[in-house]
Amino acid sequence: PTISFEVLLLKRVYASEVAKHHNKKVLVQGWVQETRDFGGIRFIILKDRSGYTQITIPKKLVPEDVFHAAENLTKESVIFVWGTAKKSDKAKVGSEVIPERIEIVSLANAPTPIDTSGKIKSDLSTRLDHRFLDIRNRKSIALFTIRSKMFKACVEYFDANGFININTPKITTIGVESGAELFEVNYFGRKAYLAQSPQVYKQMFVAAGLERVYEIAPVYRAEKSHTAQHLTEFIGIDFEQGFIESEQDVMDTVEGLIKHILKRVKEECKEELELWGRKVNIPRKIPRITMREAKKILAEKGLRLPEEEDLNLEAQKILADYFMEKEGTELLFVYYYPWAVRPFYHMKPDDDPSVTKSFDLLWNGIEVATGAQREHRYEVLKKQAQEKGVNFSAMKAYAEIFQYGCPPHGGTGLGLDRLLEAFMKLPNIREGILLPRDPERVTP
């Protein structure tokens, strides 16, 4: 029988929605996950970003050309299928489509470089080499759906709390971090650098009168770090807010942001979270402890760190386990970091110049955010730069910010990639990035 014109005009139905259309004509489109041939009946498992549906092809009930269309189909081929949706107790998804027409849109080469079904495991490097294929499975699509919702939640939160979005240059000559971490760019015969932080610009536009600003954009670090948490390019979530009383105000903003992210993901990603076996616990209050309190806990657990030293990975893991056991929380603020390990523009408390009014947020033992109250007093900032061996006079564009009226302010830099890694307990940050960049990987 010839397929009717009306059927050809059907709008697409996603695989996960087939069950809502039992006994109706449907059009499904997607990739071939697998095929099965039992002589008188053939099956195609069709996948799209929503999930799977079964195409059941009984020789006696379908046109001859439809039956033969499934003969030479390869995995990952793209097909369009017009047919009737039926309830099926035998199909894993509870539904099937009996086809009237199958159109092979793009026949895939065989075999594929990696197996997308998950039955044959490939190492992470091989998967990243063929990332577009690696993503073609429910778990990967679920992971990047969660990431997308986290991004959306950040924008929602900042907008609802009076922040203005800014877009700062990624090619710059100004930097306030370590020069050794800068990627040099030949800018028409002059030296320029890929921005390793929007720090200067965030402070600039708070002082400009915008008061509260945020940016979500790429950040570049020329670090030869070979860890499961470091990258040379990542997505930074940066904000700065003016007229604060202390670093606690900045921590309040970070806490509100994290809670909003968790709330949105919990509401909008139920199926995706279930697929990953991840439950969302929104904390009533994220604990806050000083660095000295943290080191006291670590000493009790057998790890002694010098007073001027930062927390290492082992220390972060011990603290994570301690607060999960004690308070049932995956999140922890540690503040008053030593002056020795913080940048010159972090403010020192009046009663203890050996520390700074700065903090880190740890999530499941991973540092996901660093923030502080900034020093806004020009003369104090200049003195602190000298203490750190920074040539402040060479930073004219930065120094000028503080010479024409600058309010008390502070902010934070978070990594979207690390937030996802920590929240989803990924073994490697690269799992949650479509095309990661590190010291070795610059393709695809």
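Predicted model: local features only at pLDDT ≥ 70, side-chain atom pairs only at ≥ 80, totals over all residues.

1. A pocket here is an open set of points on a 1 Å grid over the protein atoms alone, where a 1.4 Å probe fits and protein lies on both sides within 12 Å along at least five of seven lines, and its lining residues have an atom within 4 Å of a point. A volume is the space filled by probe spheres set on the points, which are joined across faces, edges and corners.

2. Residues are numbered from 1 along each chain as its sequence is written, and side-chain values use heavy atoms, with hydrogens and water left out.

3. The lining of the largest pocket comprises 41 residues, and R221, E223, E367, T370 and R418 lie nearest its centre. Strand 15 gives the most to this lining, with five residues; helices (H or I, at least four residues) and strands (E, at least two) are DSSP runs, numbered from the N terminus. By class the lining has 15 nonpolar, 14 polar and twelve charged residues, where Ala, Val, Leu, Ile, Met, Phe, Trp, Tyr, Cys and Pro count as nonpolar, Asp, Glu, Lys and Arg as charged, and the others, Gly among them, as polar.

4. The second largest pocket holds about 950 Å³ of space, and of its 36 lining residues Y52, T116, S117, G118 and N137 lie nearest the centre. Helix 5 supplies the largest share of that lining, four residues, and the classes divide into 13 nonpolar, nine polar and 14 charged.

5. Just after helix 6, E211 takes a positive phi of about 70°.

6. The axes of helix 9 (residues 291-300) and helix 10 (residues 313-327) come within 10 Å and cross at roughly 85°, which makes helix 9 roughly perpendicular to helix 10 (65 to 115 degrees). These axes are lines fitted to C-alpha atoms over the stretch in contact, with angles running from 0 to 180 degrees between N-to-C directions. The contact (heavy atoms within 4.5 Å) is made by A294, I297 and L298 of helix 9 and A315, I318, L319, Y322 and F323 of helix 10, and these residues divide into eight nonpolar, no polar and no charged.

Terms used: Parallel < 35°, antiparallel > 145°, perpendicular 65-115°, else oblique.
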